[in-house]
Amino acid sequence: MKQNPDYDGPILEIDRLSISFFTRLREIPAVMDFSVSVQPGEAVGLVGESGCGKSTVALGVMQDLGVNGRIVGGTIKFKGRDLAEMSQAELRDIRGNEIAMIYQEPMASLNPAMKIGKQLMEVPILHDGADEQAAYDMALQTVTDVKLPDPARILDAYPHQLSGGQQQRIVIAMALMSKPSLLILDEPTTALDVTVEAGIVELVKELGVKYGTSMLFISHNLGLVLETCDRVCVMYSGEAVEDGAIAEVFDRMRHPYTQALFRSIPLPSANKTARPLVAIPGNFPLPHERPPGCNFGPRCDYFEAGRCDAQPIPMRDAGPGHNSRCVRFEEIDWDAPPEASDKPPAPAPGAPVLKVSNLKKYYEVAANALTGGGEARVVKANETIDFEARESETLAIVGESGCGKSTLAKMLMGLETATDGTITLGNEEIQDKPIEDRGPSQVSDVQMVFQNPFDTLNPSMTVGRQITRALEVFDYGNSDDDRRQRMLQLLDLVKLPREFADRMPRQLSGGQKQRVGIARAFAGDAKIVVADEPVSALDVSVQAAVTDLLMEIQREHKTTLLFISHDLSIVRYLSDRIMVMYLGHVVELGTTEEVFAPPYHPYTEALLSAVPIADTHVVKKQIVLEGDIPSAMNPPPGCPFQTRCRWKEKVPGALCETEVPPMRNFDGHQIKCHLSEEDFASMEPVIQIAAE
Amino acid sequence: MEPLTWTGELGDILDPLLGIATLALAVTTVFAILASFVTPTPRITVNPDGTAAMAEGLPGLVGRAQQNALYALIGTLVAYIVGGIALGWQGAGIIGGMMRAFTPVWLSLVALFAASIWFKRSLGLYGKLFDSTIGMIGFGLVMFWVFTAIFGGVFDMIYTSDPLNQVSGMKNEPPGSPLTEDGGYPFYLLGGDTLARDVFARMVAGSTIVIVIAPFATLFAFMVGITLGLPAGYYGGKLDTVLSFLANLILAFPVILLFYLLVTPEIVQTGLPAYMAMVLFLAPLVFMGVLIWSRYRTQPNRAWLLLALVLTPMALVYLSVINADDTPIDFWPLDFFNIPGGILVVFVSVVFVNSPTVFRIVRGLTLDIKTRDYVAAAQTRGETPWYIMLWEILPNARGPLIVDFCLRIGYTTILLGTLGFFGLGLPPESPDWGSTINEGRKLLSIYPHPAIAPALALLSLVLGLNLLADGLREESLRD
């Protein structure tokens with residue numbers, strides 16, 4: 001049963017909360033002096049990098065800190081009552097009933113052995129003592145509310161039969177079943193694709209209005225917080241450093257960390273030559289090695305010894321409803337532009353080094369693995385791919401999971417051979433040459449940087465050994481000394497100290513590992529480097545540094561960079577040309593300006609609209625795609641995008657459903673679509689920067 | 001001379017102490033279990049220095065009593081050892097005699113533990129073992145038998161009398177009986193067996209056989225399992241299907257029947273065990289060869305040198321091992337030594353029993369690890385599949401494999417006992433523990449001591465290996 005139904009004060013009031021974890025060696029403070037309040041119907045964002053304590057706050061609200069976590073100071077009041085004073089039974093009643101939580105990984109929140117309907121019905125049966133029929137009706141209603149097609153069928157399905165986006169919608173439905181007063185969302189969309197993410201965000205916003213639920217939205221993505229929240233609280237190393245209304249914090253920030261954060265993410269105003277990203281120097285302090293005074297002090301541009309490191313710094317008023325934890329915020333000139341860069345402009349793209357024409361890759365999947373019998377099915381991973389990459393050019397390959405970008409990368413690397421078409425590297429066709437048949441120089445010409453920094457290095461080999469191994473395989477030098485010298489030079493190149501050669505990967509941070517990965521890829525002076533989402537798993541402040549490094553090396557070595565990503569902000573920032581892929585097809589190809597301006601392919605249009613941008617001046621058109629990406633095993637006939645396209649009605653006849661559209665050429669800007677010239681001309685830009 | 005009592009004069013003081021300490025431990029343990037049912041979850045308080053403390057209550061009190069009782073027990077046991085070393089059989093009876101006989105083992109154990117604990121922060125996983133009580137106890141038990149094997153078998157510093165020597169009048173004599181002849185050690189500390197041999201001496205001599213054969217046989221099983229498991233997991237597909245099917249087939253075969261088949265004269269005449277050994281003992285050579293070649297293939301000169309250095313001695317040993325008179329394989333003139341047929345059987349059966357399980361573990365780990373980016377990175381720089389399997393995948397699968405290796409030595413030791421018990425494997429007069437237990441079993445109800453001594457030894461070694469594996473697993477999971 002709900003408590004205090006008539007209560008109308010703040011739903012959640014956290015006052016000077018401190019949480020510590022206790023280990024055998026020492027106390028580790030995870031959250032210090034943290035205050036926030038959530039009003040009824042309000043959405044508050046909690047932003048910060050990994051390890052800043054934002055999830056610990058959520059666990060503290062749920063009173064679920066485990067054996068060694070304890071609240072060591074402050075109070076958490078829910079609807080005016082202190083949670084610390086409640087009994088276990090009362091807390092159980094509140095969890096899931098009045099406070100619901102949604103986690104990052106939807107599959108981990110659902111019981112894989114229970115049908116969706118049953119799991120949803122449990123909520124009202126358990127908390128409100130509803131009977132089975134009422135519970136079923138309620139489940140059906142909620143599933144309809146989260147906009148899942150065919151709710152009755154979904155209720156009868158098991159979790160694994162749904163896609164990731166559908167699963168997350170079910171988790172949201174489950175959280176909403178008990179009509180909670182407070183919803184805590186802990187990175188609810190991080191595991192999902194951009195267009196799916198846009199759908200979920202839209203849904204969460206709508207439901208917040210419809211049910212009047214208050215929300216605590218935890219995320220590392222500033223753009224997402226801008227789109228969903230009314231107020232925001234920025235955390236750094238266990239402390240809230242700034243809080244206030246969204247517009248206030250985003251446009252009139254009063255804490256150096258917030259400013260540094262905004263300067264390190266690729267906003268539309270950033271530009272790789274004129275206004276490059278500014279990485280935050282130094283590393284995130286470990287919880288037990290925090291500096292005295294301001295935690296951000298050692299990395300801050302405005303640091304003043306004697307004041308910033310003298311005593312603990314309190315939160316201070318910086319305007320109406322706006323607080324900052326900085327002693328110097330009145331003195332800092334917040335409108336000063338970042339220092340202009342003195343970087344040389346990127347060299348103009350040279351001659352083409354890689355030509356791909358009419359490339360196809362089909363996989364045959366046998367129905368029966370043991371005998372190879374049964375009906376073989378064909379997965380069309382790549383269909384008629386045509387493009388060219390020039391020397392010292394950055395070509396971005398954009399698309400969501402399952403679009404065939406990894407298959408393309410594998411064919412370039414020689415891990416797979418093409419079914420049809422050609423890949424020309426230099427003067428040689430390599431589409432039928434698996435990597436075993438390529439010579440050392442050909443292998444070293446095409447190298448790769450991987451996505452996950454925790455996986456990219458072999459954990460049981462020293463850093464130096466891994467780079468040296470690449471040099472050995474690429475036939476570099478005549479002796480071990482030669483190779484060691486070159487390895488040390490490579491460490492210099494990626495700006496790592498030479499002592500790192502003898503370290504094990506576990507002693508390195510994520511960004512440092514990624515640098516070693518880059519050094520390894522450039523070991524043989526690669527002509528083409530395929531970077532598969534090289535920064536997406538890194539924290540915002542580290543992303544900028546690694547991106548910068550990659551571009552600097554590219555400039556020096558005149559390397560061609562194939563940058564695979566789903567993040568259009570970073571792609572816009574660093575690439576010269578963009579290739580958009582969907583379900584194995586290249587649907588659009590053009591320079592960055594061309595792709596970001598109309599005419600668009602309908603999929604690019606949706607993709608652009610889905611990317612959250614952390615800039616209050618940006619006005620975006622809302623285009624939310626229905627449904628999920630079709631399976632490559634069973635692609636739709638005709639245009640691959642026709643099942644989700646919002647322009648489909650404009651094309652006469654059933655052309656979209658029957659015929660694969662031709663590649664249309666607008667002065668080098670290519671779009672694969674049936675739409676008429678007039679329709680293309682009528683398209684409006686998705687992203688517009690509003691005048692000041 | 002009078003027969004020795006178990007603890008002699010030292011026992012007059014220590015025996016009552018031991019009884020009290022054991023009783024106290026038992027009572028406090030029961031109390032602790034009962035207290036945990038009735039008292040609520042402990043409150044944790046925070047000290048001003050930033051550490052957390054469990055509030056003292058009834059459970060805290062009982063817990064401390066239990067701890068003190070345990071210390072008292074351990075103290076008494078140490079007193080037996082120290083007293084025994086000091087007084088020998090003259091003052092401390094049978095126990096004293098044995099403790100003094102083991103003096104070099106005790107000294108080495110103390111030295112090893114002191115050094116390891118002193119340097120534990122710089123010794124990696126081995127050092128971390130000394131953070132876990134369970135692991136330390138296990139390691140202590142295992143090392144006790146390892147040192148016994150070394151000092152008894154190699155340096156001959158432990159013993160007492162010849163394990164094969166029969167002394168008339170000592171048949172089935174109880175522990176502590178004085179020798180009827182002069183010369184040598186004046187007592188049979190653990191009595192005599194049905195052939196009037198010294199049970200204690202046989203137990204010590206048996207440890208050498210067990211400690212040498214069990215790890216070696218397990219190592220072979222691992223080599224075979226790894227060599228097959230890696231490609232099965234890495235390539236997958238048909239190869240995996242076939243190999244997994246074969247592994248299941250062997251697992252489904254009754255092992256005892258297999259052992260009997262292997263020693264049946266008709267089968268031996270066909271040369272099957274010899275051929276099997278030929279294939280089996282080739283595994284380490286292949287393994288080492290591939291290991292070296294895949295690593296140094298880019299520098300052929302160095303690769304050939306290393307291959308020659310490593311493989312030549314291995315090949316000589318291999319040829320000597322597989323060549324034996326009176327078997328179908330007898331072509332090598334430089335046959336330095338022969339492995340007794342029984343030991344060959346032991347190796348073949350251990351490999352047969354263990355390698356399918358090792359195969360499955362390695363295959364599973366490989367399936368997991370091959371999806372990592374560093375494997376993809378190795379592929380994209382054109383490494384050979386065997387380099388990836390042996391240098392990228394295998395080192396990262398080492399954690400579970402080391403733990404399984406420890407457990408499996410334990411199984412092998414028991415299997416060795418089982419084989420000995422059936423009269424297979426080692427020659428009948430061999431003092432190894434399995435055979436000794438088998439021999440002692442015949443008069444078990446009248447004279448239990450010849451069987452109990454080796455049984456306890458086997459138990460303590462296997463227990464030690466299990467605890468060691470537990471400790472390793474626990475510590476390897478921590479940071």
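This briefing walks through the two protein chains shown above, from overall build to single residues. The model is predicted. Chain A comes to 22 helices and 26 strands, while chain B has 18 helices and four strands. Buried residues make up 55% of the 692 residues in chain A and 47% of the 479 residues in chain B.

**Chain A: overall build**

- The secondary structure of chain A comprises 22 helices and 26 strands. Its radius of gyration is 27 Å, close to the 26 Å from the globule rule for 692 residues, so chain A is as compact as a globular protein of that length.
- If you picture a box along the principal axes, the C-alpha atoms of chain A fill roughly 75 × 65 × 55 Å.
- Take the contacts in chain A between residues at least 6 apart in sequence: 67% of them join residues at least 24 apart.
- On the charge side, chain A carries 67 positive and 97 negative side chains, with the centres of the two sets 3 Å apart.

**Chain A: domains**

- Two domains are assigned in chain A: domain 1 covers 351-535 and domain 2 covers 597-689.
- The C-alpha centres of these two domains of chain A lie 31 Å apart.
- The two domains do touch: ten residues of domain 1 of chain A are in contact with seven residues of domain 2 of chain A.

**Chain A: a covered helix**

- Helix α11 of chain A, residues 256-264, is mostly covered, with nine of its nine residues buried.
- The buried residues of α11(A) include A:Tyr257, A:Leu261 and A:Phe262, and A:Gln259 and A:Arg263 are also among them.
- The cover over the buried residues of α11(A) includes helices α9 (222-228), α10 (246-251) and α17 (540-557) of chain A. Strands β9 (231-236) and β10 (239-245) of chain A are also part of that cover.

**Chain A: two residues to look up**

- A:Arg169 sits in helix α7 of chain A, which runs over residues 164-176. With a relative accessibility of 16%, A:Arg169 counts as buried, because the cut-off is under 20%.
- Beyond its neighbours within four places in sequence, A:Arg169 is in contact with A:Val146, A:Lys147 and A:Leu148, and also with A:Gly199, A:Ile200 and A:Leu203.
- A:Thr195 belongs to helix α8 of chain A, residues 194-211. Its relative accessible area is 3%, and A:Thr195 is buried.
- Setting aside neighbours within four places in sequence, the contacts of A:Thr195 are A:Glu400, A:Leu607, A:Ala610, A:Leu625 and A:Arg644.
- A:Thr195 and A:Ser609 are 414 residues apart along the chain, yet their C-alpha atoms are separated by 8.5 Å.

**Chain B: overall build**

- Along its principal axes, the C-alpha trace of chain B spans about 75 × 70 × 40 Å.
- Of the contacts in chain B with a separation of 6 or more, 68% are between residues 24 or more positions apart.
- Chain B exposes about 23300 Å², with carbon and sulfur atoms supplying 71% of it.
- Its charged side chains number 24 positive and 32 negative, and in chain B the centres of the two sets lie 14 Å apart.

- B:His449 lies in helix α18 of chain B, residues 449-477. At 13% relative accessibility, B:His449 counts as buried.
- Leaving out neighbours within four places in sequence, B:His449 is in contact with B:Asn172, B:Glu173, B:Pro174 and B:Pro175, and also with B:Leu190, B:Gly191, B:Gly192 and B:Val199.
- B:Leu272 is found in helix α10 of chain B, residues 272-280. With a relative accessible area of 38%, B:Leu272 is partly exposed.
- From C-alpha to C-alpha, B:Leu272 and B:Ile369 are 37 Å apart in space, and they are 97 residues apart in sequence.

Methods
Residues are numbered from 1 along each chain as its sequence is written. Chains are lettered from A and ligands numbered from 1 in the order in which they are written. This is a predicted model: local features need pLDDT of at least 70, side-chain atom pairs count only at pLDDT 80 or more; totals for chains, interfaces and linings use all residues. Side-chain values use heavy atoms; hydrogens and water are left out. The radius of gyration is taken over C-alpha atoms; the globule rule is 2.2 Å times the number of residues to the power 0.38. Buried means under 20% relative accessible area, exposed over 50%, partly exposed in between (1.4 Å probe, protein chains only). Contact means heavy atoms within 4.5 Å. Lys and Arg count as positive and Asp and Glu as negative; His and the chain ends are not counted. The place of a charge is taken as NZ of Lys, CZ of Arg, CG of Asp or CD of Glu. Domain bounds come from an automatic or database domain assignment. Accessible areas come from the Shrake-Rupley method with a 1.4 Å probe; for residues, only the protein chains shown count as cover.
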